[in-house]
Number of protein chains: 2
Amino acid sequence: MSTPITISRSEILEMEKVTRLQLINSISGFKSANLLGTVSKDGQENLAIFNSVVHIGSNPPLVGCILRPLTVPRHTYENIRDTGWFTINHVHKDWYKLAHQTSGNYREDLSEFEISGLSPQYSEGCPAPYVAESSIKLGLTLEEQHEVKANGTILLVGAIQELRFPQEVQEKDGFLDLEKAGTVTISGIDAYHRTTRLGRESYVRVPDDKARRG
Amino acid sequence: MSTPITISRSEILEMEKVTRLQLINSISGFKSANLLGTVSKDGQENLAIFNSVVHIGSNPPLVGCILRPLTVPRHTYENIRDTGWFTINHVHKDWYKLAHQTSGNYREDLSEFEISGLSPQYSEGCPAPYVAESSIKLGLTLEEQHEVKANGTILLVGAIQELRFPQEVQEKDGFLDLEKAGTVTISGIDAYHRTTRLGRESYVRVPDDKARRG
């Protein structure tokens with residue numbers, strides 16, 4: 001690799017819009033690839049791809065998602081606010097192109113399930129639609145939300161109410177093998193990747209003479 | 001794949017602690033792999049691995065990170081609060097095992113740079129240490145923070161002040177090729193993966209008869 005270039009904040013702010021969008025969306029590293037399933041209070045189903053789902057905590061089990069500013073109507077947000085429920089469904093390498101189609105700005109009476117050809121699926125424990133084709137899926141209730149003042153994006157925090165996955169993707173210690181499940185990862189706003197596991201690293205045990213006390 | 005199993009919230013809450021930790025940390029999908037570099041007001045350097053860096057916005061350029069509850073001392077958080085600065089450095093496939101070593105709980109006078117063998121590097125524009133070995137790195141100032149009430153985790157929002165990367169990893173439209181940069185992705189708390197790009201999907205243009213108005 002060549003000597004790195006350095007780009008200052010003022011140079012970023014002066015960039016052409018699409019160049020900046022592509023660069024800054026790439027710079028944080030790889031992202032999760034999930035479809036959020038919701039239904040409006042009138043029963044209209046909605047499905048939207050998100051690359052910003054993050055782990056918040058395991059006990060109680062919490063997951064977060066960053067939503068774009070509410071300067072235009074956002075069906076996913078409105079449906080979660082109105083019904084209190086949503087699903088998170090992993091995007092699979094065999095149909096990631098279908099999932100990407102949900103990023104279009106469609107007429108309000110059209111469901112992205114129909115647009116993409118993916119199938120809504122309901123469980124007794126969750127009133128929001130799952131994606132039938134997804135290997136790993138979560139049913140959640142809205143726990144809390146925080147608005148980032150700097151740009152109006154919203155951190156939505158969901159409480160996990162239900163999990164669904166094929167038994168064979170879970171290893172003995174509880175870990176899910178996302179590669180076996182066919183889950184992909186995203187970089188930038190439009191690049192999809194499959195993965196190859198390099199290894200699982202053991203918990204780091206610090207020798208006594210180097211360990212922090214108390 | 002077999003018929004999925006369904007796990008309820010009450011079953012999650014009753015799980016053995018490590019099983020729940022592994023499961024819930026896997027369930028959100030793939031994660032970014034970054035080292036956060038900071039320095040205390042006394043000049044002690046700190047380096048810590050994080051799998052929770054997320055994109056917040058491109059204009060202005062903002063990146064977020066989820067920090068665990070402050071129930072025990074967290075050097076990364078304290079240093080950012082005290083100095084206002086931190087760096088984010090992509091973890092590379094050739095030395096991810098060194099990066100993982102920073103997750104140990106070391107004596108306060110030991111620097112994780114020395115522990116891991118990775119090298120601190122300073123630029124004129126950023127008082128926090130970068131990781132010399134990282135291909136892609138960001139220098140940031142603390143913009144704002146939000147506490148998740150449900151479990152005390154903190155969303156830290158950083159304003160990008162500086163970016164450094166080798167010119168050859170950037171494509172013409174601004175996108176960074178993270179595979180060319182050697183960046184890895186994480187699943188769960190301890191699995192590291194390299195990636196293979198499946199494709200970049202074009203912006204979804206909705207035909208007029210299906211497009212949302214206004």
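Start by selecting Cys126(B): at 2% relative accessibility, Cys126(B) counts as buried, where buried means under 20% relative accessible area, exposed over 50% and partly exposed in between, with a 1.4 Å probe and protein chains only. Before going further, note that this is a predicted model, in which local features need pLDDT of at least 70, side-chain atom pairs count only at pLDDT 80 or more, and totals for chains, interfaces and linings use all residues. Residues are numbered from 1 along each chain as its sequence is written, chains are lettered from A and ligands numbered from 1 in the order in which they are written, and side-chain values use heavy atoms, with hydrogens and water left out.

**Stop 1: the cysteines**

How far is the sulfur of Cys126(B) from the closest cysteine sulfur? That closest sulfur belongs to Cys65(B) and lies 15 Å away, too far for a bond. Looking from the other end, the closest cysteine sulfur to Cys65(B) is the one in Cys126(B). A disulfide here is a pair of cysteine sulfur atoms within 2.5 Å, and the count over all chains is zero.

**Stop 2: chain A as a whole**

Now color chain A by secondary structure. You'll get five helices and 13 strands; these are DSSP runs numbered from the N terminus, with helices being H or I of at least four residues and strands E of at least two. The C-alpha trace of chain A spans about 60 × 50 × 35 Å along its principal axes. Of its 214 residues, 58% count as buried. Take the contacts in chain A (heavy atoms within 4.5 Å) with a separation of 6 or more: 61% of them come from residues 24 or more positions apart.

**Stop 3: helix H3 of chain A**

Select residues 75–83 of chain A. Which residues of this helix are buried? They are His75(A), Thr76(A), Tyr77(A), Asn79(A) and Ile80(A). Show their surroundings and you'll find them packing against several strands of chain A, including S3 (34–39), S4 (45–50), S7 (85–90) and S10 (137–147). Step past the end of H3(A) to Gly84(A), which has a positive phi, near 85°.

**Stop 4: two cis prolines**

Most residues other than glycine have a negative phi, and most peptide bonds are trans. With that in mind, zoom in on Asn59(A) and Pro60(A), joined by a cis peptide bond with omega of about 5°. Pro60(A) sits in the loop between strands S5 (53–58) and S6 (61–67) of chain A. Jump to chain B, where a cis peptide bond joins Asn59(B) and Pro60(B), with omega about 5°.

**Stop 5: the interface**

Show both chains together. The contact takes 110 residues from chain B and 110 residues from chain A. About 10300 Å² is buried between them, 60% of it from carbon and sulfur atoms; buried area is the accessible area (1.4 Å probe) that two parts lose on being put together, summed over both. On the chain B side, pick out Phe30(B), Glu201(B) and Arg212(B): these lose the most area to chain A, together 9% of what that side buries.

Finish with Asp190(A) and Arg200(B), whose side chains meet in a salt bridge at 2.9 Å, N to O. The count between the two chains is four salt bridges, each a side-chain nitrogen of Lys or Arg within 4 Å of a carboxyl oxygen of Asp or Glu. Strand S13 (residues 191–200) of chain B gives the most to the side that touches chain A, with 10 residues.
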